[in-house]
Amino acid sequence: MIAYRGGRLQLEGLPAKRLAARFGTPLYVYSRKTVLEKLARMRAAFGGLSPLICYALKANSNRAFCRILSGAGCGAEVVSGGEILRALAAGFKPGTIVYSGVGKTREEIRLALRRKIMAFNVESREELFAIEREAAKLRIVAPISPRINADIKAGTHPHVATGEAGNKFGVSPEEALIITRQALRSRHLRVVGLQSHLGSQIASLRPYRELLSALERLAAALKGSGTALEFLDIGGGFAVDYDEGGKILDLRGLASLAKKTMKACPGARLVIEPGRYLSADAGVLLSRALYRKESFGRKFLIVDAAMNDLARPALYGAKHPVWPEKKDGKREKTDVVGPICESADFLARGIWLPKTMPGDLIAVSKAGAYGFSMSSQYNSRPRAAEILIENGKARLVRQRETLKELLGPEI
Ligand SMILES: Cc1ncc(COP(=O)(O)O)c(C=O)c1O
């Protein structure tokens with residue numbers, strides 16, 4: 001979605017300069033074409049296995065953006081009552097929504113039950129009882145899928161590893177069997193699947209191979225117990241090539257591993273929960289340079305986007321490609337930083353950029369996942385506007401917050 005034409009920066013064929021002039025900066029720019037291309041690539045890799053693709057809303061929950069995926073037949077993975085409402089508002093069918101998270105409140109559980117979601121990914125025995133109590137009050141049966149933590153090293157950043165011993169997520173396979181037995185005894189619980197999510201930004205097949213074996217073993221242990229598994233959900237985590245030239249996951253390889261497991265579980269459908277794989281490449285954060293600065297021999301380009309707009313570099317040391325407005329010019333080694341009063345506030349460090357002057361634009365690419373959705377008002381900065389480019393036209397899909405709105409809820 002990002003390229004130079006005649007030496008000038010273009011986003012999905014539209015001049016970045018024109019978009020910035022019309023919508024202001026910092027600005028999130030999304031591409032419908034790119035997200036649909038990623039979806040098509042994912043579907044092609046899985047071929048006849050036809051998994052239910054439950055898009056992880058946390059990656060980018062903008063309603064217009066989500067509508068692209070619901071319209072293309074995806075389900076949704078959600079982690080809060082707010083995300084349930086967003087998913088429904090974006091047109092995802094309730095029967096294709098799976099609900100994860102270790103801290104589901106009673107109100108959230110009730111909301112999910114009332115809206116008849118596909119399954120609760122149960123993360124503890126206490127949560128199981130809470131779901132049972134709420135289902136009993138509503139006199140319905142809650143569909144559940146224990147979230148399995150099989151202690152598999154995902155080989156990723158520790159902050160985004162979720163399937164290892166020591167993480168707060170999921171239950172051990174042994175605990176999952178106890179949960180399943182408990183559910184079998186309940187009139188208000190029904191085990192419909194097994195779920196797991198190893199973590200994010202995983203580029204190797206090894207952890208998925210181990211996970212599929214663990215799920216297969218568990219499914220075998222449940223045979224004859226009265227539990228009919230309708231799906232096996234292997235979560236998301238499929239790596240994005242942030243470094244341009246870095247490793248990504250071999251999706252076709254994953255599909256062929258999954259095929260074997262699904263053969264051993266007749267009647268069950270494969271579910272996957274990609275977040276960043278679908279959305280990261282479909283978003284760019286457009287920002288304008290404010291100042292240049294040199295301090296102790298280090299060059300800084302100070303721009304109007306900051307860690308409150310894109311937290312990933314500060315949170316994980318994530319590296320996003322930075323595209324200057326003008327492609328050519330003498331390059332210099334620069335840190336690209338925002339106005340926030342934290343030394344962790346950088347968008348890129350020590351990168352080689354053509355000399356960029358105050359007023360020039362830069363675009364941070366691969367920012368469509370965990371960009372706006374993680375953004376905050378830290379330092380009392382209104383959150384950025386979001387636009388979507390469809391069929392060569394840009395439209396506003398979230399207004400820029402105003403200073404007035406910052407203070408609005410305070411009394
Ligand atoms: C349960 C669950 N599923 C799916 C995802 C999506 O992960 P990713 O965006 O890396 O694909 C997450 C991310 O945290 C998650 O917690």
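The paragraphs below go from the overall fold to the ligand site. The model is predicted, so local features need pLDDT of at least 70, side-chain atom pairs count only at pLDDT 80 or more, and totals for chains, interfaces and linings use all residues. Residues are numbered from 1 along each chain as its sequence is written, and side-chain values use heavy atoms, with hydrogens and water left out.

The chain holds twelve helices and 21 strands, taken as DSSP runs (H or I, at least four residues, for helices; E, at least two, for strands). Its C-alpha trace spans about 70 × 50 × 45 Å along the principal axes. For 411 residues a compact globule would have a radius of gyration near 22 Å, and the chain agrees, with 22 Å. That radius is taken over C-alpha atoms, and the globule rule is 2.2 Å times the number of residues to the power 0.38.

Around the ligand stand 14 residues, of which Ser 200, Gly 237, Glu 273, Arg 276 and Tyr 370 come nearest; a residue is near a molecule if one of its heavy atoms lies within 4 Å of it. The shell divides into three nonpolar, six polar and five charged residues.

Which atoms lie 2.5 Å apart at Ser 200? They are an N or O atom in the side chain of Ser 200 and an oxygen atom of the ligand. Gly 237 instead brings a backbone N or O atom, 2.8 Å from a ligand oxygen atom. At Glu 273, a side-chain N or O atom is 2.6 Å from a nitrogen atom of the ligand. Taken alone the ligand exposes 400 Å², and the protein buries 92% of that (Shrake-Rupley method, 1.4 Å probe).

Key:
A polar contact is a pair of N or O atoms within 3.5 Å; within protein, one must be able to donate a hydrogen and the other to accept it, and residues adjacent in sequence count only if both atoms are side-chain atoms. Ala, Val, Leu, Ile, Met, Phe, Trp, Tyr, Cys and Pro count as nonpolar, Asp, Glu, Lys and Arg as charged, and the others, Gly among them, as polar.
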